[in-house]
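Please read them with the structure open.

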Amino acid sequence: MKSFLILILNSFIIFNCFTQSNNSFQFPLNKNQQNFLSGTMGELRGDHFHMGIDIKTNGKIGVPIHASKSGYIERIRIGSRGYGRALYMNHNDGTKSVYAHLSRFNNSIENFIIKEQYKTQSFEITRYPEKNKFYFNKGELIGYSGNSGSSSGPHLHFEIRDSNDDVLDPLSYNFIEIKDTVNPTFEKIVFKTLDINSRINGGFGFYEYKLIKKKNKYYLDGKVSMVGNIGIAIYAYDRLDLMPNKNGIKKTEMFFNKIKLVSNNIEKLSYNETSKIVKYIDYNLYNLKRKQYIKLYQDDGNKMLVHRNNSHNGIVNINNDSTHFFQIYITDSYNNSSELSFYSNNKNDVVDNSKKIIFNNSNISVIDNVLELKLDVNHKDYVEILYDNNLIKNQFYTYKTKNSKVFLLDLIKILPKKIITEEKEINTQFISTIYPKLEKKIIHKDFELLSKQNILFDTLYLRFEKKYDSINYQETFSFSNKNDIANKAFNIKLKTLKKYDIEKSHVYSISQDDYYFIGGNWKNNSIEFKSKLLSDFTILTDTIAPEIKSIKITKDELRFKITDDLSGIKEYIGKINGNWILFNYDYKRDLIFSQKIEKEKPFMGNFELKIIDKAGNVNMLNFKL
Ligand SMILES: [Zn+2]
C-alpha cells in the first residue's frame, strides 16, 4: 500500500514537470543516456517486417520501463510466443505506443491481470481494460524489461503507432538516446532475368556480385551486361554507433541513366502488409541463403505502400547496345547514406556464367515462368519433350556456355510432362498451373489442393512427387514449390496408403531434416490441413507422453521443466487441492513456473500437474506439499 501511495505521489510530481512538453515522446528507458539498438523498424525478419525498435538492456532483465507519453493502457497481452508480456498504450492524440517482451508489469496492472488469469484459468490472455482504468503520465513506471515471448535475448521492443495501428518509425522522433553516424553497408547485388528472352552476361537466371568499397563509394567486383527485362536485388544493412548489429535500411533509391526508377521509403508499415515481405525480398535467395535481399522491383500482385513512388515497377528494361548507368542509394533513419554505382554494357557475345547462382544440384530449375534445363555441352543439340496431350516435340538448346547446353522452356504456353535426353527420361513432376485470380481445385490420386481466389502472389506451376521410405514406412508428399509461398493458406488433403493411429498421427512439414508439427483433421484415409507453404509433408505418429522434471518445489514457488519429443507441448495444468494455479510458460527454456494470486498463502495440500502434447499424450505428476 505504501509503494502505491508513493506511486501516486510520484505521478503528481512527474505530471507537474512535464505538462509543458506533453506532445513529444520520451525514450521509454534509461532516459538521457546513450542507448543501443539491436533492431530497427522495417528491418527484414524471416517472414515479417520488424515493426518497432529493439532497445538493448545490457543483457539484463528488470530495467524500469516508463510511459513514453501520457495516456491509458488500451490492451494488456500475455502470450508464450510473439510479444510475450506486452502493454499497448493509447495517448489520446492519434498515437499509440507498444512495449513488448516485458518481465513484469507495474504492480497495479500486474495485480489486475493475475486476477483475470485466475478467473479464466489461462496463462495466455488479452484484456482491453476500460478507458483510463490504467492512466499513466509521461515518464511513469509501467513495467520492467524482459525476454518474454519470441525474444532471443533481453531487450525492449518499442513501437509507435498511429490510430489505425499502423507502425511509424520511432527513430523519426529524434530521441537523443540513440546515435547513428555510420553509413549503411552494401554487401551484395543480384541481377535476375525477368523473362525467357532476357539475358545477363549472355545467360539466364540470377547473377550475384560482391560490392567493393573505395573512397566511401561502392562498386561491382566485375563487369555486367544486360538485355531485356532485369530485376535488381541488394543485400545491405545499417550499423549504428558502437554496435555490431546489422539493422535495417530505411530508404532505397535507384537511378537508371540519372532517372529515378525506385524510391522505397519505410516510413509506415501496416500489420496487414507485413506478410508481403516474402515478395519485398527475393524469396528464392532467402530459401537458399537465409538472407534477405531487398528487391528493387515489384511483382504485379505485390504493390505495397512503400512502392507507391516507383515507375515501371522498378524493372530495368534494356533494348539497345549503349552503355547504361546505375546509381543506388541506401539511407538510414538518421540520413546517413551510401552510394553504389556501375555501368552495364551489353556488347558481350560470350556467355559468362561465373557469377551465376546455382540453386540446386538437379539439372532442372524453375524460375518464374521458365524451366531451365542444363545438359552437358556434348549432348546433341535438341531434346524431345513429351507434353500433357501426348504430343512429342523437339526442343533445341537456347544458348551454350563453356560446359553446358542450356534449354529454356516457356511454361506459360504448356507444361512439359517428360524431357527425353540422350541418357534418360526426366519426369518434370508438373501437375497443373494455378492462376492467382481463379479459384482452383486439384484432385490427384495422392492429394487434393484448393487454391482460393487471390491467395497467390503469382502464377504457380504445381510440381509434386510422392515418396515412400520402406525402411521407416514413411510417406512423404513432396511439392517442389517452396519458393512459391502464398499470401494466404491453401487447403490441402493428403491421401494416405498406410494405416495410421488417427488419434496420435498428424501432418508435419519437413525442413532441413527437421519435422514441424502442423496438425490436421482425419477423414477416412485422408488428413486435411492448411498451409501457406508448399513443401515436403509427412505424417508422423507421436505416442510418447511429454516429460516432466521438477526444478524447484517450495511452498512459495513451483518450477518444472517440461519437454516433448515430437509434437510439442499443448497444455499445462497445475492444481492444488483441485484449485487451478497459474503457471507461466517460458518455451525457450522449457520451463513453467507458478505465480500465486495470494502471495502470503503457502502452497499446501495435494498438488497435481498435467502436461498434454499436441498429439493428446498425457503425463501426470502428483505429490503432497
Ligand atoms: Zn523487436
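**Notes on the predicted model**

1. Start with the pairing of β9 and strand β12 (residues 141–144). The two run antiparallel and are joined by 2 bridges. Within this pair, F105 sits opposite G143 in β12. Keep in mind throughout that this is a predicted model.

2. Now place that pair in its sheet.

3. Next, β7. Is strand β7 (residues 85–90) largely enclosed or left open by the rest of the structure? It is largely enclosed, because 5 of its 6 residues are buried. The cut-off for buried is 20 or more other C-beta atoms within 10 Å of the residue's own.

4. β7 has a partner in strand β6 (residues 71–78). They pair in the antiparallel sense, over 6 bridges. I78 faces R85 of β7 as its opposite residue. The hairpin of β6 and β7 has 6 residues between the strands. There, G82 adopts a positive phi near 55°.

5. β7 also pairs with strand β8 (residues 95–102). This pairing is antiparallel too, with 5 bridges. Y88 stands opposite V98 in β8. In the hairpin of β7 and β8, 4 residues lie between the strands. Which residue takes a positive phi in this hairpin? N92 does, near 60°.

6. A loop residue deserves a look. S172 lies in the loop between β14 (167–168) and β15 (185–193). How far apart in space are S172 and E267? Their C-alpha atoms are 8.7 Å apart, while the sequence separation is 95 residues.

7. Turn to the domains. The assignment for the chain lists domain 1 (23–173), domain 2 (185–345), domain 3 (364–428), domain 4 (432–541) and domain 5 (547–624). Taken over C-alpha atoms, the centres of domain 2 and domain 4 are separated by 33 Å. Their contact involves 9 residues from domain 2 and 7 residues from domain 4.

8. Consider the side of domain 2 that touches domain 4. Here α3 (277–280) and α4 (283–289) each supply at least two residues. Which of the elements gives the most? That is α4, with 3 residues. By type, the residues on this side of domain 2 are 2 nonpolar, 5 polar and 2 charged.

9. One more sheet to check. It is open, with 5 strands in the order β36-β37-β40-β44-β43, and its pairing is antiparallel. β36 (440–443) and β43 (521–523) are the edge strands, each pairing on one side only. On average, neighbouring strands of this sheet are turned by 20° against each other, direction ignored.

10. Strand β37 (residues 447–451) runs antiparallel to β36, and 4 bridges join them. K440 stands opposite S451 in β37.

How values were computed
Residues numbered from 1 in each chain as written. Predicted model: local features only at pLDDT ≥ 70, side-chain atom pairs only at ≥ 80, totals over all residues. Domains from an automatic or database assignment. Contact = placed C-beta atoms within 7 Å. Nonpolar A, V, L, I, M, F, W, Y, C, P; charged D, E, K, R; others polar. Buried ≥ 20, exposed ≤ 12 C-beta atoms within 10 Å, placed from the backbone. Pairing = 2+ DSSP bridges. Axes fitted to C-alpha atoms, helices over the stretch in contact; angles between N-to-C directions.
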